[in-house]
Amino acid sequence: TILRGYNDIKCQIEENESSYSYAVDAISTYLIGIDILQGRGINTYREKELKLLNDIKDRKIHHNKIFKIINNLKVKFELAKQVSVLPNDIDYNVIKDILTELNMKSLVNA
């Protein structure tokens, strides 16, 4: 949703505080998604990209460069999606079973 929304409004973005925060969210989401698709798991702390993300948040990077970064990440994401070993279809029954088990354990320990 973050990525879809960002791509929908990027042409209309004015340089304001919320657009920079939205760009940080979009970049972070692409990076996490690429990691997941490449089998590296979920990494929310982006030490390697921290300076870039902080510079965007602090409005030190112009929107044109941000758009280029996001477009590059979009291409990398699509490539990672094509070679990913993750299944295309979600098995909602497995998710439901896992959530039920976790909830039961939390109720027993409560």
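Mentor: Rings of Phe, Tyr and Trp (for Trp, its six-membered ring) count as a pair if their centres lie within 6.5 Å; planes under 30 degrees apart are called stacked, those over 60 edge-to-face, and the rest tilted. By that rule, the structure holds one aromatic pair. Its members are Tyr30 and Phe77, whose ring centres are 5.6 Å apart and whose planes stand at 70°, so the pair is edge-to-face. It links distant parts of the chain, since Tyr30 is in helix H2 and Phe77 in helix H4, 47 residues apart. Helices here are DSSP runs of H or I, at least four residues long, numbered from the N terminus.

Some ground rules before going on. The model is predicted, so local features need pLDDT of at least 70 and side-chain atom pairs count only at pLDDT 80 or more, while totals for chains, interfaces and linings use all residues. Residues are numbered from 1 along each chain as its sequence is written, and side-chain values use heavy atoms, leaving out hydrogens and water.

Both Tyr30 and Phe77 are buried, where buried means under 20% relative accessible area, exposed over 50%, and partly exposed in between (1.4 Å probe, protein chains only). The two residues also belong to a wider set. A nonpolar core is a set of buried Ala, Val, Leu, Ile, Met, Phe, Trp, Tyr and Cys residues joined through side-chain atoms within 4.5 Å. The largest one has 18 residues, and Ile27, Tyr30, Ile56, Ile66, Ile70, Leu73 and Phe77 touch the most other members. H2, H3 and H4 each supply at least two residues of this core, with H2 giving the most, nine residues. In soluble globular proteins, nonpolar side chains tend to be buried together.

Take the Phe77 side first. Helix H4 runs over residues 63–83; at 1.5 Å a residue its 21 residues should span 30 Å, and its end C-alpha atoms are 30 Å apart, which agrees. The expected span is 1.5 Å times one less than the number of residues. Along H4, the residues His63, Ile66, Phe67, Ile69, Ile70, Leu73, Phe77 and Ala80 are buried. They cover an arc of only 160° around the axis, which puts them on the same side of H4; the arc is that of the directions from the helix axis to the C-beta atoms. On the other side of H4 the exposed residues are Asn64, Lys68, Asn72, Lys76, Gln82 and Val83.

H3 also has a buried face. Its buried residues are Leu53, Asp55 and Ile56, and seen down the axis they fall within an arc of 160°, so they line one face of the helix. Contact means heavy atoms within 4.5 Å. Leaving aside neighbours within four places in sequence, Ile56 is in contact with Tyr20, Ala23, Val24, Ile27, Ile61 and Ile66. Just after H3, Arg59 takes a positive phi of about 60°, although Arg59 is not a glycine. Arg59 is found in the loop between H3 and H4.

Charged side chains come next. A salt bridge is a side-chain nitrogen of Lys or Arg within 4 Å of a carboxyl oxygen of Asp or Glu. By this rule there are six salt bridges. In H3, Asp55 meets Lys51 in one of them, 2.9 Å from N to O; the two are four residues apart, about one helical turn. Asp55 counts as buried at 15% relative accessibility, whereas Lys51 is exposed at 59%. Asp35 and Arg40 form another, with their closest N and O atoms 2.5 Å apart. Asp35 is buried at 6% relative accessible area, and Arg40 is exposed at 53%.

In H4, Lys81 pairs with Glu78 at 3.4 Å, N to O, the two being three residues apart and again about one helical turn. Elsewhere, salt bridges that share partners join Asp35, Arg40, Arg46 and Glu49 into one network. Of these, Arg46 lies in the loop between helix H2 (17–37) and helix H3 (50–57). Arg46 counts as buried at 8% relative accessibility. Beyond its neighbours within four places in sequence, Arg46 is in contact with Leu31, Ile32, Asp35 and Leu53.
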